[in-house]
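Please look at the sequence and the model first; the text then goes through them topic by topic.

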Amino acid sequence: MSDAIEALSLFNPLNPKPLQLGIWATCGTSLFGAALGCYVGGFHILITAVKMPVFFIATLCLTFAALHITLLLAGSRERWSHTLALTTVGLGGTGIALGSVSPALALFATCGHVGNYATYLAILLLTTTACVIGGVMGARQLYAALGVEFRDRSRCLAVLGVWTLAYQFTGAQVIWLLRPWIGSSFDIEGILNLDHALTGNFYVAVWEAAVNLISSLGGVR
Amino acid sequence: MTEYNQPDPDDIIVEPVNEVRAMPTVKGWMDRWDQEAIPGEEGERPEGLVQRILTRQGRIAFDLWEGGNSVRYLFGFGVILLLVSAAYGAVIGMAAGIQQAGYSAIKFPIVTIGSLLICFPSFYVFQCLMGARPSVSQALNSVFYFASSGCVLLMGLAPIAWFFTICTEKGEWRFLSILHLVFLCIAFGFGVSILRRLQAYFDVRKEQANLFHRETLKAWSALFVVVALQMGWYLRPLIVEGPFWSGERGIFLEFVSAIFSR
């Protein structure tokens, strides 16, 4: 417990400790992934525990260039290592927040009926809520760190907004590729549990779902 | 008046082309540009042009005004434009395979640099007709600065575009087209903001420099967009599988109808 409190005290915007924050973020997100995998259980727990930090790291790698350029354009004169330190502040906050709600999520995931649609929707809702809370926590930490960098509220908000938009836009696609998260993949061959073979587009899928929904509503009338 | 009824040069009053408006952020970024315009200390490692575009825009503005190193700047901007356009073109074409990636890597720089060269005469002429007084070198460097700064931003967005390109199925060219257009709009918007800041900076710091006319910049930006879209459409295909150049004529508005048709 004292280590967790010490981790929270790592969020000193004057002196962020990227390596420690990164380790805590990885542990927190792994715990969250493992809790999610408890719905199916077995080997799925380990698989999801690995996929969750991979999702965060992969999204960071893809968006890092855009994040660094945004920071430079906002007036920072620091190197890319400083940008990396700032991103770990944000992701560290998110990771630790997610790790802290993982016991509650594991409880619901373990108790629910496997294959029951209502249980699946409940877990989906819990997961989404936890991710939103984790994201807000991470954003607060990042805003504090940016405040030390720029001391100008509007510029901090602008950088935070751009970073959040870029990360979320790309992250939605990464998380789509790494599915399934809540469902089982025991019928699918291959240890990586990626039954859709890393293809597909999240935004196209959402658009098609919306079109189908509207079409079906029109058919009901 | 002189003997030949010609106006005395001392009597000519140069009217400012732009009314200086109070800009709430003028102090922040203009002060930063003033600081950036100061040359680096002796022995300090010279930064690259990409770094200078991102972190020392004031230095570029200062050199643009003074006319120093104009040929070097033009060369540097051109190299950035060529390389980044080729790389982003390859990303665009990757949706249809390696061959199309190669074709688009050749064609996309033609779209960007070609559009710039087509629109440059109108930029210079319109500015002069509206009362601005840029030199040819200043005007050319400014438009290339506009395009290369947009390309620098595109460098940051390229990994995201590449990721979406490789994992989106081949038939979903509509989504990828819209994605690339959005990214190009973001890059274009940044380039336009650079031009507008140049105009505002010179008007305030150089006391009505009359380097650019504000409204003409807006109109020229719109012209550039239209020319670039048409050039991209004429040099198709860029994103779908096909020959190096289809040779078909058409207006870029056909692209809009293609997006929404089944």
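A salt bridge is a side-chain nitrogen of Lys or Arg within 4 Å of a carboxyl oxygen of Asp or Glu. By that rule, there is one salt bridge between chain A and chain B. The model is predicted, so to speak of its local features pLDDT of at least 70 is needed, side-chain atom pairs count only at pLDDT 80 or more, and totals for chains, interfaces and linings use all residues. Residues are numbered from 1 along each chain as its sequence is written, chains are lettered from A and ligands numbered from 1 in the order in which they are written, and side-chain values use heavy atoms, with hydrogens and water left out.

**Chain A**

Helices (H or I, at least four residues) and strands (E, at least two) are DSSP runs, numbered from the N terminus. Chain A has seven helices and zero strands, and its pattern along the sequence reads α-α-α-α-α-α-α. The chain holds 221 residues, of which 42% are buried. Here buried means under 20% relative accessible area, exposed means over 50%, and partly exposed lies in between (1.4 Å probe, protein chains only). A contact means heavy atoms within 4.5 Å. Of the contacts in chain A between residues at least 6 apart in sequence, 68% join residues at least 24 apart.

One residue of helix α7 of chain A is A:Ala205. A:Ala205 is partly exposed, at 23% relative accessible area. Between A:Ala205 and A:Trp176 there are 9.5 Å in space, C-alpha to C-alpha, and 29 residues in sequence.

**Where the chains meet**

How many residues of each chain are in contact with the other chain? On chain A there are 23, and they are in contact with 23 residues of chain B. Buried area is the accessible area (1.4 Å probe) that two parts lose on being put together, summed over both. For chain A and chain B this is about 1900 Å², with 72% of it on carbon and sulfur atoms. Within chain A, the residues that lose the most area to chain B are A:Leu62, A:Leu73 and A:Arg77, which together account for 29% of what that side buries.

A:Arg77 also takes part in a salt bridge with B:Glu36, side chain to side chain (2.6 Å, N to O). On the side of chain A that touches chain B, the elements giving two or more residues are α3 (43–73), α6 (153–177) and α7 (202–220) of chain A. The largest share, seven residues, comes from α3(A). By type, the residues of this side divide into 12 nonpolar, eight polar and three charged. In this division Ala, Val, Leu, Ile, Met, Phe, Trp, Tyr, Cys and Pro count as nonpolar, Asp, Glu, Lys and Arg as charged, and the others, Gly among them, as polar.

**Salt bridges in the whole structure**

Over all chains, a search finds nine salt bridges.

| Side-chain pair | N to O distance |
|---|---|
| A:Asp152 and A:Arg155 | 3.8 Å |
| B:Asp31 and B:Arg205 | 2.9 Å |
| B:Arg205 and B:Asp34 | 2.7 Å |

B:Asp31 lies in helix α1 (residues 26–36) of chain B and B:Arg205 in helix α7 (residues 173–205) of chain B, 174 residues apart. B:Asp31 is partly exposed, with 31% relative accessibility, and B:Arg205 is partly exposed at 31%. B:Asp34 lies in helix α1 of chain B, so its pair with B:Arg205 ties together parts that are 171 residues apart in sequence. B:Asp34 is partly exposed as well, at 27% relative accessibility. Salt bridges that share partners also join A:Arg77, B:Arg32 and B:Glu36 into one network.

**A residue in chain B**

B:Leu229 is in helix α8 (residues 214–234) of chain B. Is B:Leu229 buried or partly exposed? B:Leu229 counts as partly exposed, at 32% relative accessibility. Not counting residues up to four places away in sequence, B:Leu229 touches B:Leu181 and B:Phe252.

**Cysteines**

A disulfide is a pair of cysteine sulfur atoms within 2.5 Å. Over all chains the count of disulfides is zero. For A:Cys131, the nearest cysteine sulfur is that of A:Cys38, 16 Å away. A:Cys131 is partly exposed, at 35% relative accessible area. In chain B, the sulfur of B:Cys119 is 15 Å from the closest cysteine sulfur, in B:Cys151, which is too far for a bond. B:Cys119 is buried, at 1% relative accessibility.
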